Amino acid sequence: MEKTVERPTASKYKNILQVIYKDYTMLIILIAFIILGSILSPVFLTVHNIMNIFRQNAVTGIVALGVTFVILGGTFDMSVGSTISLTGILAIILQESVGVIPAMLIAIAVGILIGFVNGYIISSIKGGAGDSFMITFGMLTLIQGVALITTNGNTVSGSNSPFYMFLGDGNLGAFPFSFLLFLIFALITWVILSKTKKGREIYYMGANSEAARLSGIPIKRLRTAVYMVSGGMTAFAAILLTGRTNGTTPIAGQNMEFDAVTAIVVGGVGISGGSGSVIQVVIGVLIMGLIGNILNIIGVSSQNQLVVRGIILILAVVLDNIKKKKA
């Protein structure tokens, strides 16, 4: 008896395309940018250039992972740019009086404190995404002022500690140590968000905070906690940045909040909260790193690069909304 071979129907092809669109769009775009870069320049795929991309985007990646907790929870943290500036300054200038490790710990503690204040205010007023945007933007301005006052607007020279410098600019073989730390943070973040009860609660809070509250999730405590995570990770990223650049300024973190949010949204994390994954954030960070590197290779000025990044962020938000409507 002859077997009947089932032929793929149009609906099956449509389903396959929908899966690719939903789950693999950004990965395909990442591969496309790698191909584009290799076409535009023979040095693009060299080990030196790839490692340079990793090194330059480790800081943004760690900040983006911290902000991911906040965005998945349904709010924003726009204060990370000035948090980078202030905590980076503290991590260096306190070394002479308290030592390298204590100075780093104090800087991280200050980052966590900033996150606590953000989260406590927002959770106390039961603020949503719009409220959180404005409150943390106000915090950004406040902390920027503190950073300028602390340094009198001057540049701060780098640390004399080899350990401190290694954190931001050291290598394991040819591989940047800072990017390895980013990958470790990504793994820890993935475990927390994907494998723990608190991780699931963050998603529930972002999807529907009122329903999450009625189900017994401690919204105020959880909201405050995600901001503290964001502040602490941002402060640690500031240590890496100042170690890599061998110094800092009161505006060192300028636009870091937009770089982090752009990487998150480009990767495919829902801007309104409750959806997305750590893998998407990592892909988003790599995509933005490749774009920046390609623009540098072809000689695009820093001013024009800002224009490109702005367009990318707008398109990413539009794409996110299209996906939601289709879903």
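**Close-up 1. T224 sits in helix α12 of this predicted model**. Start by finding helix α12, which covers residues 219–245, and look for T224 within this helix. Is T224 buried or exposed? T224 has a relative accessible area of 7%, and buried means under 20%, so T224 counts as buried. Now look at what surrounds this residue. Setting aside residues up to four places away in sequence, T224 touches G115, F116, G119, Y120 and S123.

**Close-up 2. Q305 belongs to helix α15**. This helix runs over residues 302–326. Here is another residue to check for burial: because its relative accessibility is 10%, Q305 counts as buried. Which residues is Q305 in contact with, once its neighbours within four places in sequence are left aside? They are G292, L295, N296 and V300.

**Close-up 3. Helices α13 and α14 cross each other**. Helix α13 takes in residues 256–267, and helix α14 takes in residues 278–297. Their axes come within 7 Å and cross at roughly 115°. The crossing of α13 and α14 is right-handed.

**Close-up 4. The contact of α13 with α14, residue by residue**. On the α13 side, look for T262, A263, I264, V266 and G267. Helix α14 brings Q280, V281, G284, V285, I287 and M288 to the contact. What kinds of residues meet here? Seven are nonpolar and four are polar, while no charged residues take part in the contact of α13 with α14.

Methods:
Residues numbered from 1 in each chain as written. Predicted model: local features only at pLDDT ≥ 70, side-chain atom pairs only at ≥ 80, totals over all residues. Heavy atoms only, no water. Helix = DSSP H or I, 4+ residues; strand = E, 2+ residues; numbered from the N terminus. Buried < 20%, exposed > 50% of the residue type's maximum accessible area, 1.4 Å probe, protein only. Contact = heavy atoms within 4.5 Å. Axes fitted to C-alpha atoms, helices over the stretch in contact; angles between N-to-C directions. Left-handed = near helix turned anticlockwise from the far one by under 90°. Nonpolar A, V, L, I, M, F, W, Y, C, P; charged D, E, K, R; others polar.
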